[in-house]
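User: I would like to go through the labels attached to a model. For each one, tell me which value and which cut-off stand behind it.

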Amino acid sequence: VSGEFQRLLQSDSSTAVRRNALRSILPTRKTLPDIISRTRDTNSDIRATAFRVLQEKVPIHVLSRDQRK
């Protein structure tokens, strides 16, 4: 399931699909780069959702210095 969410985050053109995938994906070492990449999405709602997911589900100490930039 995580693999499908990752694929949707990376390649789906629908903002609704990307937003739902962000809300549903479980943050892990493997999925975290895909969640972080959505903070640079072209759509502001997706960027906001990505930051909200990171804030709510990922303790700050888990992120590397580079990931926090």
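What follows takes the whole chain and then single residues.

User: What kind of model is this, and how are residues numbered?

Analyst: It is a predicted model, in which local features need pLDDT of at least 70 and side-chain atom pairs count only at pLDDT 80 or more, while totals for chains, interfaces and linings use all residues. Residues are numbered from 1 along each chain as its sequence is written, and side-chain values use heavy atoms, with hydrogens and water left out.

User: What makes up the protein, in helices and strands?

Analyst: The protein has 4 helices and 0 strands, in the order α-α-α-α from the N terminus. Helices (H or I, at least four residues) and strands (E, at least two) are DSSP runs, numbered from the N terminus.

User: Why is the protein called as compact as a globular protein of its length?

Analyst: The radius of gyration is taken over C-alpha atoms, and the globule rule is 2.2 Å times the number of residues to the power 0.38. For 69 residues the rule gives 11 Å and the protein has 11 Å, so it is as compact as a globular protein of that length. Its C-alpha trace spans about 30 × 25 × 20 Å along the principal axes.

User: Why is Thr31 called buried?

Analyst: Buried means under 20% relative accessible area, exposed over 50%, and partly exposed in between (1.4 Å probe, protein chains only). Thr31 has 1% relative accessibility, so it counts as buried. Thr31 is in the loop between helix H2 (15–24) and H3. Of the 69 residues of the protein, 33% count as buried.

User: How do you know that the side chain of Thr31 makes a polar contact with Leu26?

Analyst: A polar contact is a pair of N or O atoms within 3.5 Å; within protein, one must be able to donate a hydrogen and the other to accept it, and residues adjacent in sequence count only if both atoms are side-chain atoms. The side chain of Thr31 reaches the backbone oxygen of Leu26 at 2.8 Å.

User: Which residues does Thr31 touch, not counting those up to four places away in sequence?

Analyst: Ser2, Gln6, Ile25 and Leu26 are in contact with Thr31 on that count, where contact means heavy atoms within 4.5 Å.

User: Why is Thr39 buried?

Analyst: Thr39 has a relative accessible area of 13%, and is therefore buried. Its place is in the loop between H3 and H4. Leaving aside neighbours within four places in sequence, Thr39 is in contact with Arg47, Ala50, Phe51 and Leu54. A polar atom of the Thr39 side chain lies 2.6 Å from the backbone oxygen of Ile36.

User: Why is Asn43 called partly exposed?

Analyst: The relative accessible area of Asn43 is 21%, so Asn43 is partly exposed. Asn43 lies in the loop between helix H3 (32–37) and helix H4 (44–57). A polar atom of its side chain lies 2.8 Å from the backbone nitrogen of Asp45.

User: Which residues does Asn43 touch, not counting those up to four places away in sequence?

Analyst: Asn43 touches Thr15 and Arg18 on that count. Asn43 and Thr15 are 28 residues apart along the chain, with their C-alpha atoms separated by 7.4 Å.

User: What makes Val58 buried?

Analyst: Val58 has a relative accessible area of 10%, so it is buried. Val58 is found in the segment after H4 and touches Pro27, Leu32, Val53 and Leu63, not counting residues up to four places away in sequence.
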